[in-house]
Amino acid sequence: MNIDVFIIGIVQIVIGSVLIVGLNLSPLMRFLRRLLMRIRGVKGVAQVAPALISSHKTRSTLTFAIFAVVLTLNVIVAALIATNFSSSIGQAEADSRGIDLYVTLNKAEVVLNDTTYTEQLYSVSDSITDVIGLKTFQPQEMDFLKYVVLKDPSTGFNFFTDTLPLGFVELRSEQIRGNATSAADDNWRYDSYLGAFPDDIGAPSSSSSGFFGGFGQSDDEELNELTKKSFDAFFNSSYSMAAYNVSFSMEALTDFDFEDMASFFDSNLEDVDKLEDKNGSVIKHPIVFTDSFILPIGMEIFVPMNMTFDFVQNETVIAYQPFTIGGKFDMERTVGFALSGGGMTSAGFEEEDTSSFLGRIYIPERFSKYSNFFGEADGVTHSSRKPDQFDTFLIKTDYAFDDPRIETLAKDIEEFTNTENFGYRKIAGDDFLVATTVSLYAEVEASIEMTVQMTSFLSIYVNFGLLIGAVGMAVISVRNVSERKREIGMMRAIGFPRLQVMLAALLELLVLGFIGLIIGVINGLLINVGFANMLDVPLVIPWGTIGAYLSLITFIGLLAGAIPGLVASRIPAAEALRYVG
């Protein structure tokens, strides 16, 4: 739904409800009169107050319209703040797929015979329910031999214009699927959402193009199903995907318009030609996933694996493995993949590194043995890894996503790992290990709080409108008493006691305020139901806040009507009868 249409609908609802009540004010007052007549001691007031309201329909309508409009806005903003905060946290928790925090080591864990860092993490707290160890690799700033190549190396390329310093992450089936064997199983371990999928997997049936090549608002269940199918293809050694005629170069990055990213990284490949070899056959490769905002889906890339030294040519020869970008993690979701969207850059080790900013390539485990940064293809070197020598750990707990105890757990893990001659350093015999722990809620908390502060700032203006409405009601009440001195004199002359004169003036304002209150609450709730449905989020009604508004309205009505009513009750009958103003 267009937001302009929604705003027009709000205006129509408010104006329409006020007009409906205003046009039916006389029947309402007759009903009120019959109701009050049954109450002992106010029969006289019951005859006068509703009649006074009905005799000045325009003024009465404007009086309750003030509170109807102001209270409608207050209820809308109050429910909007609560709904937005709750839905933001709920969506972030759903997008995290159970991950609460992650730990990054400044270097790979120490290989020990009797324990691992994963096992030691479980000992830090009983609240930890699962630890997923990952291998990651970040090439150094000028380590061109580890850069991803954007064109076929066999045809020659320029290290400065045809390569990208992207990071790498190894993914294993047990890390993502756990004990599941295919998309048909439900018990996946970590099925983080993808935003773009291999060409034969399909696309969400109802979605809008995402900012980073994702699909924006789509059905979570459908996206989850497509993601699982994509991971099945990712881990399938016999699966390959065609490479498409899409490309990107570092030269294009310098002149790139970030405001037009959605059109540049469109994942629709229907009108894009497939690459063919010299024989006219379609070029296909195994797939990798990425969280890089500059790599389009379907692009052919070449990842450096092992190296050998050619003594004849006296040069280092690099073996490149070709891949097709077959999936992109959904960056429009609050947290996306735990390590994507700057996740590891916020950990602090590579915060200023270009490769961290550009993103990562996620590679199936079966290719690790051919590399020297996930395996030992070139033997044991400073960057080689043993099979289970991890450096990054995704952690699940039994806490709620925004539970403050997660931050305490994060500090405990850092203390366990980073304290000299204690914890893991003592076990590993390495005092140079450093762990940085990041809570996923902390990653999104700033954006959530900023949104809440913006809506809270709006509520200040709306509450100020409530104050203006109170002043307006007081002015109207004083004017009513001033203009009705003659009626007041007649009431006093026929025997109305002062208390009932004051009650008549007070009741008039309370009734009008109550009408505005009912209209405002009903309108506000109806509009928020429509707003929640439009955004497809659960509606949260802050009954406490609404109750405070109702109490404030009642107090304002009593205060605004009591003082003029007290003044009216003290007007001598003879003086009031002489009034001709």
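**Entry 1: a word to settle first**

I call a residue buried when its relative accessible area is under 20%. I also note that this is a predicted model.

I looked up Gln500 with that cut-off in hand. Its relative accessible area is 17%, so Gln500 is buried. I found Gln500 in helix α15, which covers residues 498–535. I then checked the distance to Val48, which is 452 residues away along the chain. The C-alpha atoms of Gln500 and Val48 are separated by 10.0 Å.

**Entry 2: a glycine in a strand**

Is Gly327 buried or exposed? I read a relative accessible area of 0% for Gly327, so it is buried. Gly327 belongs to strand β11, residues 315–329.

Which residues touch Gly327, once its neighbours within four places in sequence are left aside? I listed Ala196, Val288, Phe289, Thr290 and Ile297. I also looked at Asp199, 128 residues from Gly327 along the chain, and found 9.2 Å between the two C-alpha atoms.

**Entry 3: the strands around β9**

Next I asked which strands pair with β9. β9 runs parallel to β11, with four bridges between them. Val288 has Ile325 of β11 as its bridge partner. β9 is also joined to strand β12 (residues 360–364), this time antiparallel and by two bridges. There I found Phe289 opposite Tyr362 of β12.

**Entry 4: a covered strand, β14**

How many of the five residues of β14 are buried? I counted five of five for this strand, which spans residues 435–439. One side of β14 carries Ala435, Thr437 and Ser439, the other carries Thr436 and Val438, and all are buried.

The partner I looked up for β14 is strand β1, residues 101–105. The two run antiparallel and are joined by five bridges. Thr104 stands opposite Thr436 of β14.

**Entry 5: two helices crossing**

I turned to helix α5 (residues 117–124) and helix α11 (residues 405–418). Their axes come within 10 Å and cross at roughly 130°. α5 and α11 are therefore oblique to each other, and their crossing is right-handed.

Which residues make the contact? On α5 I noted Tyr117, Gln120, Leu121, Ser123 and Val124. On α11 I noted Leu409, Asp412, Ile413, Phe416 and Thr417. I sorted the residues of this contact into six nonpolar, three polar and one charged.

Most residues other than glycine have a negative phi. I therefore wrote down two residues that go the other way.

Arg97 has a positive phi of about 55° and is not a glycine. I found Arg97 in the loop between α4 (57–96) and β1. With a relative accessible area of 23%, Arg97 is partly exposed.

Asn421 is also not a glycine, and its phi is positive, near 55°. Asn421 sits in the loop between α11 and α12 (423–428). Is Asn421 buried or exposed? Its relative accessibility is 56%, so Asn421 counts as exposed.

Definitions and conventions: Residues numbered from 1 in each chain as written. Predicted model: local features only at pLDDT ≥ 70, side-chain atom pairs only at ≥ 80, totals over all residues. Heavy atoms only, no water. Axes fitted to C-alpha atoms, helices over the stretch in contact; angles between N-to-C directions. Parallel < 35°, antiparallel > 145°, perpendicular 65-115°, else oblique. Left-handed = near helix turned anticlockwise from the far one by under 90°. Contact = heavy atoms within 4.5 Å. Nonpolar A, V, L, I, M, F, W, Y, C, P; charged D, E, K, R; others polar. Buried < 20%, exposed > 50% of the residue type's maximum accessible area, 1.4 Å probe, protein only. Pairing = 2+ DSSP bridges.
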